[in-house]
Amino acid sequence: MANKKKEDFSVKETKPSIRAKKPLNGPTTSFDLVEEMLYLYVRTEKAKLEPVHSLLQVELKIGNYRGNTSHAPKSPEGEFLWHRVFAFTKSSLQDTSVQVLVKSVGGVVIGKRSFGVSEALKRVPPDPPLAAQWYPLVDPQGDSNIVGELMMAFWTGTQADDAYNLASHSDVAAPLSPEGLLSIRPKVHLIPRFWYLRVNVIAAQDLMIPDINDREQAAQIFVKASVLMNHQDNNVLRCDLTTKSCLTKTRDAKWNEDLMFVVAEPFDVPLYVAVFELLRRDATHPTDQGEERLLGYCEIPVKTVGKRNDTSPATILWKDLKVMESQGTNARFASKINMRISLDGGYHVFDEPTEFSSDRRPSAKVLWKSPVGVFELGIMSASGLSQVNPKTTVDTYCVAKYGPKWVRTRTVIDNCSPKWNEQYSWEIYDHCTVITIAVFENNKYMHKGGERLPDWGIGKVRIRLSELELDKVYTNSHPLVKLEPHGVKKTGELQLSYRFSSPSTFNVYSSYLEPLWPKLHYKLPLSVHQISKLKDQAIKLTVSKLKKAEPPLSEEVVRYVLEDNKFRFSLRRARANFIRCAKLLNSFSFCKQQFDRLRNWTNMMHTIIFIICLNLVYFFPAMALSSMFFMLCGLGAWGYRTRPRQLPHIDTELSQVYSVLPDEIAEEFDSFPTRVPREIVVDRYYRLAKIIFNAQTMLGDIATIGERVQSMLSWRDKRATFFVLIFFFTAGVLFYAIPWSLGLVYVLTIAYVFLHPRFRIDLPSYFQNFIARLPSNMDSML
């Protein structure tokens with residue numbers, strides 16, 4: 001792959017004609033980040049015709065464009081109702097008049113009406129909607145005979161019009177069913193808040209274990225718990241969550257284990273907890289799982305579970321265990337289970353990669369802070385989109401995800417350079433977050449090739465908000481990059497405009513000192529294994545919620561947006577992370593080289609100045625720290641002129657996509673177990689894969705921490721660098737003006753480091769919070 005031509009993956013600035021960068025002349029709308037697109041809107045309401053026909057439809061004709069309503073029956077009031085809106089792109093109109101035809105089932109024209117495109121008045125929000133009027137319909141055989149009336153309205157508007165989201169657009173060549181029309185319209189989805197449901201199983205008493213007193217071996221008792229997605233089906237959100245088995249020779253068992261689930265408001269799901277006994281089939285085969293015998297179960301409505309937002313323990317509950325009817329019942333005897341159950345609202349429920357998190361708020365709304373700003377996104381157009389399936393047309397739409405709000409643009413039919421020009425906004429509670437925009441090919445708009453295909457992901461773009469200047473309008477063309485088994489591929493470019501604005505600059509800067517995650521993550525932390533399992537639950541629950549929306553977002557779309565390939569084995573990523581660490585070590589090597597240059601008197605002037613500085617430090621030790629802070633401040637200020645002018649983009653050199661063999665990239669798409677012939681794979685391969693995976697993750701984490709420290713003075717996050725410069729300058733002035741402050745800081749540092757644990761706060765320090773919010777080169781890696 002070394003000889004393969006390298007494509008341009010840089011972010012390019014564009015100069016679209018948008019109102020946000022123009023003087024305000026004329027009426028304004030909220031759509032100032034996208035180009036204005038003019039549409040001719042025609043709204044057909046109802047009709048009265050004589051003689052009365054059984055079913056009628058309305059057809060609109062403008063040149064080669066057609067628009068048809070469905071066949072409507074006659075209402076009890078003697079009217080035919082449609083309530084449909086059609087939108088025709090004015091720049092593509094090939095005629096100056098619009099023909100309105102009312103047809104019967106056989107296609108026979110019953111009445112017609114025409115009007116000129118120039119007669120349509122221009123409506124710009126916030127103007128109220130245009131009222132529909134009755135227009136006479138004439139006989140198609142003779143224009144003088146009036147056969148009925150049609151109530152309709154027509155006007156010229158933009159994509160900011162209220163009718164835009166409900167209209168049938170002229171670029172849809174084929175007539176669609178109501179379901180197909182719904183699948184290409186823009187939509188905003190808001191998923192409900194997710195909570196962690198913690199079930200602490202403590203013990204069970206009086207279990208109905210047959211012949212427990214006559215056994216020589218102890219019974220192996222364990223617990224299973226599950227949460228159903230809804231009451232209509234038996235799809236288990238998470239099942240077979242087994243605690244550590246308890247070996248007992250009595251009818252009591254103890255576990256004290258936590259089982260955790262992800263549930264969504266309004267908590268209309270039940271929690272099932274069941275106690276089982278493990279029956280081993282063959283004692284000579286320890287790997288034999290054996291059979292399970294149900295000893296009892298209980299059902300608890302999640303809506304009755306208490307909520308907690310701190311580390312206070314939940315209330316202890318005793319629940320009766322029901323038994324199957326076949327096992328019989330005894331009114332004087334009932335098994336019980338002891339549990340603590342709580343809805344933990346102090347955690348943030350992870351559903352996306354932590355490096356690209358778009359929301360860090362806890363589940364409980366009472367713990368939320370005020371928004372720090374608003375992010376506005378204009379999805380303008382795309383260019384050079386590659387055809388995923390050569391047998392189909394290119395019908396594309398965009399999906400943008402930030403926090404619980406998912407937005408979907410309308411689908412542009414059969415166009416490799418679609419134009420959407422739609423604008424959306426989000427409230428920002430933490431500006432050190434990332435928004436994800438993905439482009440998809442819509443294969444649900446119609447059956448293509450007689451086969452219902454999934455919606456293919458063409459590419460996605462991630463934008464880190466902390467790297468944006470306040471109130472500045474960015475208009476960029478972002479590359480769409482996709483990694484395939486044969487290598488990296490540029491699938492097109494996406495033109496976006498965006499702006500991050502904040503009413504309070506102080507709140508933006510003060511957020512750098514706050515903990516990255518809610519406090520409960522530090523006071524009552526979850527293990528890495530728990531977070532991984534709970535993230536899978538959250539993704540499945542998100543898929544379930546969005547599949548039930550109208551129009552639905554399919555599972556492949558949701559998983560593509562939330563995709564996290566960090567935990568997928570990749571020799572290429574391991575090599576890239578190693579090179580990132582090597583580049584960090586180069587800074588130490590550079591310091592050694594410079595020191596050697598000074599020792600060797602390569603530059604006499606530099607050596608003399610360095611010796612004078614060392615002597616000054618010896619005779620004036622109070623100036624040591626102040627000089628260091630002033631030097632760091634000067635280095636950061638000097639680097640302002642070389643600050644990044646463009647946002648980070650996909651770096652193929654950093655990702656090592658051109659320096660590996662084709663088989664190494666194809667290996668990333670290989671499944672476990674592998675799909676290659678068995679004779680090619682040996683046991684050493686799997687051992688090596690596990691070792692490299694651990695090294696890959698470790699090297700990536702080390703590189704991320706080091707790059708965040710380096711970014712303090714890099715001006716990638718301009719607010720953070722400005723904050724650091726102020727701190728360095730203030731510290732330099734303090735140590736220079738108050739010489740004895742050095743000893744005070746030294747004493748306070750030792751006192752802080754060796755503070756008794758009783759007086760410590762179980763939260764990260766300000767410095768850790770600040771470093772955790774800084775960007776790294778992880779944003780530029782595939």
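This is a predicted model: local features need pLDDT of at least 70, side-chain atom pairs count only at pLDDT 80 or more; totals for chains, interfaces and linings use all residues.
Biologist: Let's begin with the second largest pocket; how much space lies in it?

Modeller: About 1,200 Å³ of space lies in that pocket, and 30 residues line it.

Biologist: Which residues lie nearest its centre?

Modeller: Those nearest the centre of the second largest pocket are F727, Y752, S765, Y766 and F767.

Biologist: And which helix gives the largest share of the lining?

Modeller: The largest share comes from α12, which supplies seven residues, while the helices that each supply at least two residues are α8 (623–638), α12 (718–737), α13 (741–753) and α14 (766–772).

Biologist: How do the lining residues divide into nonpolar, polar and charged?

Modeller: The lining of the second largest pocket has 24 nonpolar residues, together with four polar and two charged ones.

Biologist: Changing topic, how far does helix α6 reach from its first C-alpha to its last?

Modeller: Helix α6, which runs over residues 571–599 and has 29 residues, reaches 42 Å between those two atoms, close to the 42 Å expected at 1.5 Å a residue.

Biologist: Which of its residues are buried?

Modeller: In α6 the buried residues are R572, R573, A574, A576, N577, R580, C581, L584 and L598, and after the helix comes W601, which has a positive phi near 55°.

Biologist: Where else is there a positive phi on a residue that is not a glycine?

Modeller: N256 has a positive phi of about 55° and lies in strand β18, whereas W715 has a positive phi of about 65° and lies in the loop between α11 (683–710) and α12. As background, most residues other than glycine have a negative phi.

Biologist: Is N256 buried or exposed, and is W715 buried or exposed?

Modeller: N256 is exposed, because its relative accessible area of 53% is over the 50% cut-off. W715 is buried, because its relative accessible area of 8% is under the 20% cut-off.

Biologist: Last topic, which peptide bonds are cis?

Modeller: Among them is the bond from E265 to P266, with omega near 10°, and another is the bond from E550 to P551, with omega near -5°. For context, most peptide bonds are trans.

Biologist: Where are P266 and P551 found?

Modeller: P266 is found in the loop that joins β18 (253–264) and β19 (270–279), while P551 is found in the loop between α4 (528–547) and α5 (555–561).

Conventions
Residues are numbered from 1 along each chain as its sequence is written. Side-chain values use heavy atoms; hydrogens and water are left out. On a 1 Å grid over the protein atoms alone, a cavity is a set of points where a 1.4 Å probe fits but cannot get out, and a pocket is an open set with protein on both sides within 12 Å along at least five of seven lines; lining residues have an atom within 4 Å of a point. Grid points are joined across faces, edges and corners, and a volume is the space filled by probe spheres set on the points. Helices (H or I, at least four residues) and strands (E, at least two) are DSSP runs, numbered from the N terminus. Ala, Val, Leu, Ile, Met, Phe, Trp, Tyr, Cys and Pro count as nonpolar, Asp, Glu, Lys and Arg as charged, and the others, Gly among them, as polar. The expected span of a helix is 1.5 Å times one less than its number of residues. Buried means under 20% relative accessible area, exposed over 50%, partly exposed in between (1.4 Å probe, protein chains only).
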